[in-house]
Amino acid sequence: MAFKYAYKLSLTTFLLSRLSVAQVPGTNPPEVHPKLPTYKCTRVAGCVKQDTSVVLDWVFRSIHTVSTNEPCKTAWGVDRTICPDQLTCSKRCVVEGMDYYAAGVSTSGDALTLYQYNRGGTDAGSPRVYLLGPDGNYVLFNLNGQEISFDVDLSELPCGENGALYLSEMQADGGRSTLNPGGANYGSGYCDAQCPYQTWKNGNLDAAGPYCCNEMDILEANSRASQFAPHACAGNDCDKTGCPFNPYARGYKNYWGPGMTVDTTQPIRVLTQFITDDGSPHGTLSIIRRKYIQNGQVIASASASGDEIRSDGCLTGEEVGGFATMTKSFERGMVLAFSIWNDPGQYMHWLDSGDNGPCSATEGAPSYIQANYPNARVIFSKIRWGELDSTTSNTNPITTTSTTASGRLTTKLSSTLSTTSRATTTANTDFQSQWSQCYGIGYTGPTRCASGYTCSTLNPYYGQCL
């Protein structure tokens, strides 16, 4: 997912879901999606530029009444006096557009930059965005018998951070309806294999419960560690571990990092191929294969047998269908997501510490990161997908589609970011009882637990006294 933690304790974004009210779009500020051209490729015709952009997830947005600008949500969820049900809430409230620059999101050409902290390092922004097509729907990816490649710069991403590019089987329209007219255009409809609890599923206030969906983590990484993993689901039962391929965890301790075989001080081209049993886009997924390219050279795999996850070697997801389930998910189409986040609960140890990486037990603490790496960021660029062996050839021509748009945000984010009106977590001296919320982006209630209990963070948006 990427807003999930690898044994991934996150029942992801409980608070995210609690703040997702599906209302009519507002215009203060207007929603202007940063353009991010991507490329669809074939071996014969080369790569064709796509008219794509990114949209920020719904949780970051202001939602207020039409008449009085009173917030329609509180630190605890929806204000039920304003929003007793979905129909009433959609009539009374609007969801506003975003200042992407202030939220830590910017594009320049075909590059996307995500900053962990907005406001020059004083606010844990952790932005998450999705790839949007010119029709206002999410772009759907079917990668059976296909590949995807991109460049990534992780040089400014320390221990404890996660720059993630992944796929989730969200609805293409983000749950757009008469009561949720914004839909994908306003970043609604998130789901993943960590089954985030949603008070509003796809913008429907009256459809509460866990929102599980198939997920393919193509890259979860920082400058010290990386992994990729599939996560299949059957209903509300998901393979949350997902057979991850982490070079360090598999014994290749000098493969990924500054100055190592894959040198994270330089941009890396990441190529992921989804091989089917018959070699065609119509077969069943059987191998997920990874290759890295730097300075025009394909880097030798960490493993002598290749850096890959095979259907016959991935047993953790058999009860939910494993690779066969992922095959069907790709056939239906999955949404491309980008995120950056850190881990207040586990310090990202599941990714980069102990058996999983070289980071110490404490340097992944968000407080340490904020003090020492206030400009932590990740840059994704040159996103291409299509036929096998079509996206990384130096001789593969790139042509441009005739559809273009102007007036989009393409300003590169500076080291000092402008302010945003989004609420931040503030502590006070009250104490919370067992099971009560005590942490989360946007949460403003008590952050201390009663005697005998500890504030345990499940994800950047929700922690509770346990």
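1. Arg289, Glu308, Arg310 and Asp312 are joined in a network of salt bridges, a salt bridge being a side-chain nitrogen of Lys or Arg within 4 Å of a carboxyl oxygen of Asp or Glu. The model is predicted, with local features needing pLDDT of at least 70 and side-chain atom pairs counting only at pLDDT 80 or more, whereas totals for chains, interfaces and linings use all residues. Residues are numbered from 1 along each chain as its sequence is written, and side-chain values use heavy atoms, with hydrogens and water left out.

2. Within that network, the side chains of arginine 310 and aspartate 312 form a salt bridge at 3.6 Å, N to O. Arginine 310 is partly exposed, with a relative accessible area of 37%, while aspartate 312, at 60%, is exposed (buried means under 20% relative accessible area, exposed over 50%, partly exposed in between, with a 1.4 Å probe and protein chains only).

3. A search of the whole structure gives 9 salt bridges, one of them between lysine 35 and aspartate 51 at 2.1 Å, N to O. Lysine 35 lies in the loop between strands E1 (24–25) and E2 (38–42) and aspartate 51 in the loop between strands E3 (46–50) and E4 (53–56), so the pair ties together parts 16 residues apart in sequence (strands are DSSP runs of at least two residues, numbered from the N terminus). Both lysine 35 and aspartate 51 are buried.

4. Arginine 43 and glutamate 387 also meet through their side chains in a salt bridge, at 3.9 Å, N to O. This pair links distant parts of the chain, with arginine 43 in the loop between E2 and E3 and glutamate 387 in strand E30 (residues 377–387), 344 residues apart. Glutamate 387 is partly exposed, at 26% relative accessibility.

Key:
Helix = DSSP H or I, 4+ residues; strand = E, 2+ residues; numbered from the N terminus.
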